[in-house]
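Hello,

Here is the structure I promised to pass on. My notes follow below it.

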Amino acid sequence: MSAPAPARSAATTAGGGARTGTSAARRRARTAAWSVVVAALLVLLTGVALGTGQVRMTVWEALRALAGIGDSGNVLVVQEFRAPRVVSALIAGAGLAVAGSMLQRLFRNPLASPDTIGVTGGASFGAVLMLATGASQEFIPLAALGGGLLAALLLGGFAWRSRMAVTRLVLVGLAVQQGLAAAVNLMIVRFPAELASSAMQWTTGSLYGRNWTEVWIGGAAIAACAAAVVLCQRRVAVLDLGDDSAGGLGLSPQRDRVLLLLLTIALASLAAALTGPVAFVALAVPHLVRLLAGPPTLGTLGLTALTGALLLLASDLLVLHVIPVHGLPVGAVTATLGAPWLLVLMIRQGRLPQRSS
């Protein structure tokens, strides 16, 4: 004899809830496992980066030297010459990846990133403009930050005043990016020859010449913005439900999304101010993490930061010790790796409407 309908309904609901809980637990376990793997690779690669060069040392010796332990010569080489570059790669890579993940959620567009909405173009514009005036190199990162925030204000103004659909703002960002890139190219053409190489960093991205002052200031600012992003994760999760649902739960979707957008772009601008506009890290890493660990959560945001740091550090190692081109900027490597990825994403996005019809 079959069970009564209410009993079947309750059993089905309980079974569905159990399956949902099991699925969430599996995703958390998968995220934790990948985080451990990426963190271990990051420590190993950090040791390799610190120990490779004219003065060679093992990974263990390099990590000990970073902590100020061991041979005084090794400590000097690691702490004063290699560590600022490595730490800059870790900080900027994590910041760019987290910013890219947040932008894709806020725009609801997998192609959204600092590279496509004008942030990197704004950072390049501010830095190159400062170089053109002959200002001290110490002010260049601040100028890059100001340029990125200028792009953010332009984009936020369009969102706030015209109430444009957030998914369409990527097109506005592309227009802002191309306009600022044209202004940068115009200034580079008018540069004296001795300034052209300095401008190259702010059109492709480079880790060359970083010092501890830049690392501490940039790292502290990036950490503050990243902490604010983490604290806003519940608000972002509510916005993921849609504007109607978010409004019903007490949020102001338009205002909150624009404020979160400005915070995220500030994070991307700070990362670009530290290393220049390194391309495609912010675009590619969030997609890779989604393939590995599933939909975005607070745990996958941490995995995204680790993966971004790993990708940028690995790209810098290729530039320094594998590719036989002296002075090649790290942005050239990330762009070479990211361009095919962007093409694949665009092809997939073009096919989605056909699949759903």
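How many salt bridges does the count come to? Two, taking a salt bridge as a side-chain nitrogen of Lys or Arg within 4 Å of a carboxyl oxygen of Asp or Glu. Before the details, some ground rules. This is a predicted model, in which local features need pLDDT of at least 70 and side-chain atom pairs count only at pLDDT 80 or more, while totals for chains, interfaces and linings use all residues. Residues are numbered from 1 along each chain as its sequence is written, and side-chain values use heavy atoms, with hydrogens and water left out.

Asp 316 lies in helix H13 and Arg 85 in helix H3, so the pair ties together parts that are 231 residues apart in sequence. Asp 316 and Arg 85 are both buried (under 20% relative accessible area; exposed is over 50%, partly exposed in between; 1.4 Å probe, protein chains only). Another bridge links Glu 214 with Arg 210, where the closest N and O atoms are 2.7 Å apart. Arg 210 counts as buried because its relative accessibility is 13%.

**Overall fold**

The chain has 14 helices and zero strands. Both are DSSP runs, numbered from the N terminus: helices are H or I with at least four residues, strands E with at least two. Of the 357 residues, 45% count as buried. Take contacts (heavy atoms within 4.5 Å) between residues at least 6 apart in sequence. Of these, 75% join residues at least 24 apart.

**Core**

The largest nonpolar core holds 83 residues. Such a core is a set of buried Ala, Val, Leu, Ile, Met, Phe, Trp, Tyr and Cys residues joined through side-chain atoms within 4.5 Å. Phe 107, Leu 155 and Ile 265 touch the most other members. H3 gives the largest share of this core, 16 residues. Not counting residues up to four places away in sequence, Ile 265 touches Leu 103, Ile 117, Val 119, Gly 148, Ala 152 and Leu 155.

Gly 148 sits in helix H5 (residues 140-162). Gly 148 counts as buried, because its relative accessibility is 0%. Its C-alpha atom is separated by 7.3 Å from that of Gly 121, 27 residues apart along the chain. Beyond four places in sequence, the contacts of Gly 148 include Val 119, Gly 122 and Ser 269.

**Cavity and pocket**

Both come from a 1 Å grid over the protein atoms alone. A cavity is a set of points where a 1.4 Å probe fits but cannot get out; a pocket is an open set with protein on both sides within 12 Å along at least five of seven lines; lining residues have an atom within 4 Å of a point. Grid points are joined across faces, edges and corners, and a volume is the space filled by probe spheres set on the points.

The count comes to one cavity of 30 Å³ or more. The largest cavity has a volume of about 60 Å³. Helices H3 (72-107), H12 (281-293) and H13 (298-321) each give two or more residues to its lining. Arg 105, Arg 290 and Thr 304 are among the lining residues.

The second largest pocket holds about 410 Å³. Of its 22 lining residues, Asp 115, Thr 120, Gln 177, Thr 203 and Ala 279 are the closest to its centre. H6 supplies the largest share of the lining, seven residues.

Best wishes
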